[in-house]
Amino acid sequence: MNNKSSKDDKHISIDPWGSSTIEDYNDLFSQFGISKFEHFLPDISHPHHLMRRGIIFGHRGYQSILEAMKSKSPFSVLSGFMPTGDPHIGHKMVFDEIVWHQKQGAKAYGLIADLEAHAARKLSWSEIDDHARNYILALLASGFDLKTGEIYRQSENKRVKDLAFELGIETNFSEMQSIYGFSGNTEISHIQSVLTQAADILYPQLDHPQPTVIPVGPDQDPHLRLTRDLASRLRLFSVTEAYASFEADAAELEYLKVAFENLSSLQTPLHCNDVAEWIENENQASEALSTITNKLKEASKEEFYPRIRIINHRATPDLLKELESKISKNKQVYKEHIDVFDASHNDIDNMVREFEIENGGYGFYPPLSLYHRFMSGLTGGKMSSSLPDSHISLFEAPESGYQKVKQSTTGGRESAELQRELGGEADKCPVYELYAYLLTQDDDSYAQRVYEECTNGTRLCGDCKEEAANLMREFLKDYQQKIKEVEPLLEQLNPNTPNTEGRS
């Protein structure tokens, strides 16, 4: 699938509860700091077809997951589902992402966001219970292994609700207003559901802090950004890199790293004002360049040298002193932080995290994220559980699935003649997406053939839809057979299976 770059520098609004689509995914890289995923493909031995075809397009911090896979160290995967309708074929790719990571060694978590459905969408508990059951069945039918995974409902997980309360202490309404656009009319339960979702994201780390990846659509990015901040706020200490007495953010640190690599062999000792001059001469103007050179100039003759900085956020002075005593490396101790020299960031970070956990802290890693493209609705726009004609339910009668594909919109031209002359627009076609996302599974050559035949004009929409409709009918038959086979597993989930007793 091609991804044309944006011609306009436009602002995108991301709404976790809305139905908006993303017109150009490149805008997410520049506006929200999401990184491209494609660079990781050579490092993954058997990437999922969603990765290979660019459907999984972005990430935050996925390098930590790759390192955990290679070293066979603990890591987790979690994603959640709001039971506002039956799970559909768009949800299937999230199920597959969870299961793929589980097969790579992750402890897997599937959560049913029933509190969010009740608060944000006003569904009754009886409706939620019916839909929740079907989400659980669909996740199990997709290959979720209960031996190395956990499925739970927010409303029945006390640890998640307790953690959400703690997270509420670390945020305020102004922040919620800024991130989500909440107003004075927003119900408190809706705000609480956001904190519950943040607690869900951190839940896999409550017993054993570890890298955790959250596969989501880009509309859920506000939750990830908030939770990353909250995870940091709950730490007793943070461990960062520094080169002088001042702090630097990630963009500023890149300038400092490159400067040290280039200058350290030429001049000893190296002073901050020398580094400022070099950075200004070697780089084009930018906001980060301006701020970091100002910091360097203010530090003036201070020696410029890399160090690992341990910053005290919530620990007592006595606990900071105890931590200091455990550091055998060359160090400089200040009132609220410790600088450690000639040490590995990972070694110091692991040591500090272990010390924090031993002394009652959380020791959270910032949650990581994996972003996939939206699956287009069959009638255009975003596929949505609340719009029956836009999606195909995983529980839908196979013949109904066949008919919906036959009636769907396409990326075809106005006539067969124009289609043969100009080719179809597969990148705008919901039917081609069915092939790429779902129907061709691991067969990349099949997906590529459909794309090429469409764009070169040899494949016409009627025949293409007929082929996809038949494949969809067979997929639903096979999948629903798997659902029947996993139904007995529901008993293993007690008390996390639906229970409406005492609820209205």
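**Charged pairs and where they sit**

Author: The structure holds 32 salt bridges, a salt bridge being a side-chain nitrogen of Lys or Arg within 4 Å of a carboxyl oxygen of Asp or Glu. This is a predicted model, in which local features need pLDDT of at least 70 and side-chain atom pairs count only at pLDDT 80 or more, while totals for chains, interfaces and linings use all residues. Residues are numbered from 1 along each chain as its sequence is written, and side-chain values use heavy atoms, leaving out hydrogens and water. Side chains of opposite charge can pair when their charged atoms come close.

Let's start with Glu356, which pairs with Arg235; their closest N and O atoms are 2.8 Å apart. This pair links distant parts of the chain, 121 residues apart: Glu356 is in helix 15, and Arg235 is in the loop between helix 10 (221-233) and strand 7 (237-242). Helices (H or I, at least four residues) and strands (E, at least two) are DSSP runs, numbered from the N terminus. Are these two partners buried or exposed? Glu356 counts as buried, because its relative accessibility is 0%, and Arg235 also counts as buried, at 7%. Here buried means under 20% relative accessible area, exposed means over 50%, and partly exposed is in between (1.4 Å probe, protein chains only).

Now move to Glu399 and Arg473, a salt bridge whose closest N and O atoms are 3.0 Å apart. Glu399 lies in helix 16 and Arg473 in helix 20, so this pair ties together parts that are 74 residues apart in sequence. Glu399 is partly exposed, with a relative accessible area of 40%, whereas Arg473 is buried, at 18%.

Helix 20 also holds a pair within itself. Lys477 forms a salt bridge with Glu474, with 3.7 Å between the closest N and O atoms. Because Lys477 and Glu474 are three residues apart in helix 20, about one helical turn separates them. Lys477 counts as partly exposed at 43% relative accessibility, and Glu474 counts as partly exposed at 39%. Elsewhere, salt bridges that share partners join Arg52, Arg53, Asp442 and Asp444 into one network.

While we are in helix 20, have a look at Tyr479, which has its place there too. Tyr479 is buried, with a relative accessible area of 2%. Leaving aside neighbours within four places in sequence, Tyr479 is in contact with Lys92, Phe95, Ala138, Ala141, Ser142 and Leu394, where contact means heavy atoms within 4.5 Å.

How many residues of helix 18 are buried? In this helix, residues 430-439, the count is 10 of 10. Gln441 follows helix 18 and has a positive phi, near 50°.

Asp318, Glu322, Glu354 and Glu358 form a negative surface patch. Helix 14 (317-325) and helix 15 (345-358) are the elements that give two or more residues to this patch. Patches are made of residues with over 30% relative accessible area and no salt bridge, with like charges joined within 9 Å and nonpolar side chains (Val, Leu, Ile, Met, Phe, Trp, Tyr) within 5 Å. Lys and Arg count as positive and Asp and Glu as negative, with His and the chain ends not counted. Glu322, in helix 14, is partly exposed, with a relative accessible area of 37%. Helix 15 therefore has two sides to its story: Glu356 counts as buried at 0% relative accessibility, and helix 15 also gives residues to the negative patch.

To finish, here are two backbone details in loops. Thr268 and Pro269 are joined by a cis peptide bond, with omega about -5°; Pro269 is found in the loop between helix 11 (250-263) and helix 12 (272-282). Lys122 is not a glycine, yet has a positive phi of about 65°, and Lys122 lies in the loop between helix 5 and helix 6 (125-141).

Notes:
Areas by Shrake-Rupley, 256 points an atom, 1.4 Å probe, with all protein chains shown as cover. Charge placed at Lys NZ, Arg CZ, Asp CG, Glu CD.
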